[in-house]
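Please read the account below with the sequence and the model side by side. It moves from the chain as a whole to its sheets and then to its helix contacts.

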Amino acid sequence: MLGEPKKKIFLDLINSASKEELIWMNGYLNGVVGSNQPAETPTAATSPAVSKITILYGTETGNSKKLATDFAAKAKKNHINAKVFDMNQYRLTDLPKEEYLLAVVSTHGDGDAPEAAKKFYDHIHSNGFKLDRLKYSVLALGDTSYPLFCKTGEDVDIQFGKLGGKQIVPLQKCDIEYEEDANKWFNEVLKTLVGSGNGTTAVSHASPAAAPAHGGVSLKKTGKQTYEGNVLLNINLNDEGSNKETYHIEIAAEGLEYQCGDSIGIVPENPSDVVTSIISKTWADGNKIVTYKNEKTTIYELLKRKINIIHLTDRLVKQYADVTGHAIPAGRADLLDLVNKYPVKSPAQFEEILLGLNPIAPRLYTIASSPAAHEGEVHVIVAKDVYDVNGQTKLGLCSDYLSKLKANGKQKFFVQPNKRFRLPAEDKDIIMVGPGTGIAAFRSFLAERDATGASGRSWLFFGEQHFASDFLYQTEIQNWHETGVLTRVNVAFSRDQKEKIYVQHRMLEHGAELFAWLNGGASFYVCGKKDPTSVDVENTLLQIIEKYGSKSSEDAKKYLEQLKEEGRYEKDVY
């Protein structure tokens with residue numbers, strides 16, 4: 001037993017130590033006890049068993065790329081040469097030659113691979129080659145709010161195994177707060193590579209509690225808080241004669257915490273008339289209790305609030321066909337359309353179909369308010385999504401649901417952080433390009449800078465269809481410009497003249513000054529639709545850098561890449 005003075009020192013040390021320090025101390029003490037000799041401070045191996053690795057990343061937002069480059073730097077410090085490739089640019093014929101390979105890949109939408117990773121993903125799922133010499137490990141990034149969490153990473157991990165590869169360490173899944181789990185995974189990889197050869201695993205001296213459970217999947221909860229807010233306001237920002245409906249929604253909630261650049265996630269409900277029609281067409285008992293995902297609920301509640309019945313994926317349509325025995329063409333379809341065209345044979349058959357459907361996925365909306373200016377409130381801007389399917393007008397599930405929210409009603413939501421889309425220091429300049437609902441993030445930025453008295457200059461490019469009916473937040477933007485919060489503002493209304501004018505045209509008109517701002521340290525932000533908006537804006541920015549920076553096309557790309565690495569070029573696109 002320790003005497004009280006020593007015990008106090010020991011407990012003080014433990015209580016102030018991090019988890020990693022506790023693990024190190026545990027291994028250190030075990031070594032002392034096991035050898036009965038004073039232990040020496042462990043040092044990194046100077047000659048690792050593995051001399052080189054390849055790290056591939058597949059990313060949509062840049063998180064996978066950042067992790068891959070960080071891992072490469074750590075590997076080099078451990079005397080392991082690491083080559084990093086974007087999956088979209090990796091030479092696929094080199095894959096069978098790889099011996100040690102790490103894949104860092106995110107998941108998007110309905111379990112989809114990022115656009116930049118699709119070529120690689122499709123290639124490894126095609127037949128005709130083996131990876132018998134491959135030793136690999138996969139880090140999967142995702143969001144537990146979505147039903148098919150980390151599915152792309154899971155698929156890559158499974159397929160590498162099917163092709164003959166052998167795992168270095170098990171698959172690691174990471175939620176949106178990924179840093180801690182990602183670093184633990186890479187440390188395990190490093191430990192194996194430094195201390196092993198020929199695919200054999202090094203002995204770990206860490207505490208058993210530090211080892212990841214269930215195939216390397218982190219059991220750490222993210223602590224994502226669900227708020228139940230009170231709807232304060234819901235108004236259509238578009239004026240008469242507009243082709244659009246764009247809703248500004250304000251929600252108040254106790255204990256609300258977020259930062260400018262974050263989003264909120266909302267799980268919509270299915271339309272009541274659609275739910276009752278499905279129940280009627282299938283002879284189902286809406287009050288019957290069923291178990292879905294280990295939760296008991298009625299069939300009505302399941303259809304109304306739990307499962308996605310809109311725009312079912314090809315896989316689910318095929319699943320419906322397999323259960324009912326109907327020959328159904330491949331493609332997406334709503335559940336109501338399926339039960340109308342291809343009826344179920346019994347309520348029991350319908351229940352089997354129901355229990356195989358996916359949960360409703362949350363929709364994310366960039367926050368349009370500022371914690372400094374709108375304390376206790378979160379504001380979002382939502383454009384009602386209207387589209388055509390085979391001549392039939394359809395509405396986006398969540399945008400239609402939100403457009404009908406009533407003041408004083410309740411609405412649940414969670415906050416989704418976006419650490420890569422943050423305001424710089426208050427004295428730094430910012431350039432913001434946000435057409436349409438892309439203005440959301442920049443209303444947040446400007447309200448925050450106004451409330452905190454930031455000294456940095458601000459320049460906004462905004463675009464919509466018509467000045468008279470579609471100038472979103474016009475009064476606020478004009479006030480910010482008049483008071484100096486907005487140093488410059490340039491607008492583009494595409495349908496107010498014969499030739500369509502967009503925000504990228506306004507950027508070109510002011511290209512010389514825009515480049516001067518960039519060269520002077522300004523940060524550049526774009527928020528809005530991924531395609532074509534963000535693509536057109538980036539291409540225009542490259543033209544401006546090339547022309548006014550007197551650079552070649554290749555040097556302009558390097559300049560833009562440098563801005564990205566410095567965190568001065570950020571996108572929030574959808």
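Predicted model: local features only at pLDDT ≥ 70, side-chain atom pairs only at ≥ 80, totals over all residues.

Residues are numbered from 1 along each chain as its sequence is written, and side-chain values use heavy atoms, with hydrogens and water left out.

The chain contains 19 helices and 21 strands, where helices (H or I, at least four residues) and strands (E, at least two) are DSSP runs numbered from the N terminus. Of its 574 residues, 47% count as buried, a term that stands for under 20% relative accessible area, as against exposed for over 50% and partly exposed in between, with a 1.4 Å probe and protein chains only. Contact here means heavy atoms within 4.5 Å, and among contacts between residues at least 6 apart in sequence, 75% join residues at least 24 apart.

Consider the antiparallel sheet. Six strands make up this open sheet, in the order β12-β9-β16-β7-β8-β13, two strands being taken to pair if DSSP finds at least two bridges between them. At the edges stand β12 and β13 (377-383), each with a single partner strand, so that one side of each has no neighbour in the sheet. Direction ignored, neighbouring strands of this sheet are turned by 40 degrees against each other on average; axes are lines fitted to C-alpha atoms, for helices over the stretch in contact, and angles run from 0 to 180 degrees between N-to-C directions. Helix α13 (residues 439-452) packs on the sheet, where it touches β8 (246-252), β12 and β13, and the direction of α13 makes about 155 degrees with that of β13.

Within this sheet, strand β9 (residues 263-266) can be followed residue by residue. S263 and G265 point one way from β9 and I264 and I266 the other way, and all are buried. With strand β12 (residues 363-366), β9 pairs in the antiparallel sense over four bridges; the bridge partner of S263 in β12 is T366, and that of I266 is R363. Three bridges join β9 to strand β16 (residues 410-416), again running antiparallel, and there I264 stands opposite V415.

Which pairing does the five-stranded open sheet show, parallel or antiparallel? Its order is β19-β18-β17-β20-β21, and the pairing is parallel. The edge strands are β19 (488-493) and β21 (569-573), each of which pairs on one side only, and the twist averages 10 degrees from one strand to the next. Strand β18 (residues 458-464) and β19 pair in the parallel sense over six bridges, and G463 has A492 in β19 as its bridge partner. Helix α17 (residues 511-519) packs on this sheet, touching β17 (430-433), β18, β19 and β20 (523-528), and the direction of α17 makes about 135 degrees with that of β18.

Two helix pairs come next. The axes of helix α9 (residues 314-324) and helix α11 (residues 347-354) come within 10 Å and cross at roughly 155 degrees, which makes α9 roughly antiparallel to α11; angles under 35 degrees count as roughly parallel, over 145 as roughly antiparallel, 65 to 115 as roughly perpendicular and the rest as oblique. Their crossing is right-handed, a crossing being left-handed if the near helix is turned anticlockwise from the far one by less than a right angle, and right-handed if clockwise. Y320, V323 and T324 of α9 make the contact with Q349, E352 and I353 of α11. By class, three of these residues are nonpolar, two polar and one charged, where Ala, Val, Leu, Ile, Met, Phe, Trp, Tyr, Cys and Pro count as nonpolar, Asp, Glu, Lys and Arg as charged, and the others, Gly among them, as polar.

Helix α18 (residues 530-548) and helix α19 (residues 553-565) pack at an angle of about 115 degrees, with their axes 9 Å apart, and α18 passes α19 in a right-handed crossing. From α18, E538, L541, L542, I545 and E546 meet S553, A556, K557, Y559, L560 and K564 in α19; this contact has six nonpolar, one polar and four charged residues.

T540 also lies in α18, and counts as buried because its relative accessibility is 5%. Leaving aside neighbours within four places in sequence, T540 is in contact with Q504, M507 and L508.
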